[in-house]
Amino acid sequence: SKKLLVDVDCGVDDAQAIMMALASPNVEILGITCVHGNTTVENVCKNVLRVLQCCNKLEIPVFKGAAKPINGNNINAGHFHGQDGLGDVPDPNAPGLDLVQEENAVSAMIRIVSENPGKISLVATAPLTNLALAVKMDPSLPSKLRGLYIMGGNTESRGNTTVVGEFNFVADSEAAYIVLNEYQCPTYLACWEFTCYNKLPWEFCDAWLAQDTDKSRFMARIFHYSIEASKTERLQKELVAGAGFISCDSYAMAAAIDDSFIIEKDQYPVSVELNGTHTRGMMIVDTIGFLKKTHEAFILKKVDMEKFKEMMMAALK
Ligand code: BDR
Ligand code: CA
C-alpha cells in the first residue's frame, strides 16, 4: 500500500483532498500535520479532526505545526473558506483539541519519514512552513522521501492572492523557496493555473453532493460558503472559460495516490521570487537553465479528469 504523510491548512479543498485519500484503497495515511494558512493552526487542527470524525478515521494521528510563516505575518483565506476554514457552520459535536498529538508536526514529520525510508509520499496542500522547518532540522529528510506532492505556485504569472502570487507560496514565500531549493527528491507541483484549467463543472459538484451519505451531507454543509465565493469571485470566472469548482488541493493528492492520474508533465528547475513590489511569492520556472540548478520539478500539465472525478465521487461514498 502507499504510505502518505499529509500537511494541510485544512480549508475546504484540503478537506476534499483528505477525504479522497481516506477513501482510496491501498492508501495508508501515517499522519496529518497541520500548519497556519487558510485559518489559524488551531482551527486547522480542529478541522482535520472534524474530517476524520466524519470518515470514522479518528485513529489517524494529527499533529500541530507552525502557527506563523518563517518571515512576517499571517495572511488567511477567510473570504474563500470562511473564517474557521470550513465554511463557518456550527459543529457542536466537533472533537476537542485534546485529540491532537503532543509531538510537534515538524518533529513528527522527521520521525515518520525516518521510520519509513524511501516509502513515504509527502503531500503538502498548504503554506510550506512545516516542510521548510523540517529540512532545516534534518537535511537528510528529502532523500528519504519517495516523493513530494505540492499544491502551490504558478506558471503563467497569474495569481489568486496577489497579482502574480498563489496563496500557499505567498503565505510563506521563504518556506516555498527553501522547499523548492532543498528538497532534492521527486517533486510534483499542482500549480494554480493548472488547477484552473481542470475545474469540476457545477453539474458534477451537484451530483457529487447529492449522494445520500453522511460524508456528502458533511461536505455540502462546509462547502456552501466556498461555492458562493467561487461563483462571485471575478478571477475564478475569468481565468479560463468553463465554470466550475477548483478543488486545488485534490489534484496534488490524486497525483500522490495514483501514478496514472498524470498524463503529461513538464520538467524544469523552479524557484520562488522573494523580493519585488508585486512579484514576491511568485514561482519562477527556469525553462532555459539560467539558475544552474540540477534539480528539476515535475509540473502537472495534463491529467486524467475522468479518473479524478471517480476519485472525488468515491471520497463521499
Ligand atoms: C491554495 O490556497 C488555499 O486557500 C487552498 O486550500 C489551496 O491549498 C490554492 O491557492
Ligand atoms: Ca490548502
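These are my notebook entries on a predicted model of one protein chain with a ligand.

**Ground rules.** I count residues from 1 along each chain as its sequence is written, with chains lettered from A and ligands numbered from 1 in the order in which they are written. Since the model is predicted, local features need pLDDT of at least 70 and side-chain atom pairs count only at pLDDT 80 or more, while totals for chains, interfaces and linings use all residues.

**Overall size.** The C-alpha trace spans about 55 × 45 × 40 Å along its principal axes.

**Burial and contacts.** I called a residue buried if 20 or more other C-beta atoms lie within 10 Å of its own, exposed if 12 or fewer, and partly exposed in between, with C-beta atoms placed from the backbone. Buried residues account for 48% of the 317 residues in the protein chain. Next I looked up contacts, meaning pairs whose C-beta atoms, placed from the backbone, lie within 7 Å. Among contacts between residues at least 6 apart in sequence, 83% join residues at least 24 apart.

**Secondary structure.** The protein chain holds 13 helices and ten strands. Helices (H or I, at least four residues) and strands (E, at least two) are DSSP runs, numbered from the N terminus.

**The sheet.** What is the order of the strands in the open sheet? I read S3-S2-S1-S4-S5-S6-S10-S7, eight strands with mixed pairing. Two strands pair if DSSP finds at least two bridges between them. Strand S3 (62-64) and strand S7 (262-268) are the edge strands, each pairing on one side only. Neighbouring strands are turned by 25° against each other on average, direction ignored. Axes here are lines fitted to C-alpha atoms, for helices over the stretch in contact, and angles run from 0 to 180 degrees between N-to-C directions.

**Strand S4.** I then followed S4 (residues 120-125). Six of its six residues are buried. Ile120, Leu122 and Ala124 lie on one side, and Ser121, Val123 and Thr125 on the other. S1 runs parallel to S4 and is joined to it by six bridges; Lys3 has Ile120 as its bridge partner in S4. S5 (residues 145-151) also runs parallel to S4, through five bridges. Leu122 stands opposite Leu148 in S5, and Val123 has Tyr149 as its bridge partner there.

**Strand S6.** S5 and S6 pair in the parallel sense over four bridges, with Ile150 opposite Leu189 in S6. S6 and S10 pair in the parallel sense over two bridges. Leu189 has Ile299 as its bridge partner in S10. Is S6 covered on both faces or left open? Both faces are covered: Thr187 and Leu189 are buried on one side, Tyr188 and Ala190 on the other.

**Helix H12.** I checked what H12 (residues 248-257) lies across, and found strand S1 (2-8), strand S2 (27-34), S4, S5, strand S6 (187-190), S7 and strand S10 (297-303). H12 runs at about 160° to S5.

**Ligand 1.** I counted a residue as near the ligand if its C-beta atom, placed from the backbone, lies within 6 Å of it. There are 15 residues around ligand 1, and Gly11, Asp13, Ala77, Phe167 and Cys248 come nearest. Helix H1 (12-23), helix H6 (167-171) and H12 each give two or more residues to the shell. The shell divides into six nonpolar, five polar and four charged residues. Ala, Val, Leu, Ile, Met, Phe, Trp, Tyr, Cys and Pro count as nonpolar, Asp, Glu, Lys and Arg as charged, and the others, Gly among them, as polar.

**Glu115.** Glu115 sits in helix H4 (residues 105-115). Glu115 counts as exposed because it has 11 C-beta neighbours inside 10 Å. Glu115 and Lys144 are 29 residues apart in sequence and 9.5 Å apart in space, C-alpha to C-alpha.

**Positive phi.** Most residues other than glycine have a negative phi. I noted Asn56, not a glycine, with a positive phi of about 55°. Asn56 lies in the loop between helix H2 (41-54) and S3, and it is exposed because it has 10 C-beta neighbours inside 10 Å. Ser157 has a positive phi near 55° and lies in the loop between S5 and H6. With 14 other C-beta atoms within 10 Å, Ser157 is partly exposed.

Technical notes. Contact = placed C-beta atoms within 7 Å.
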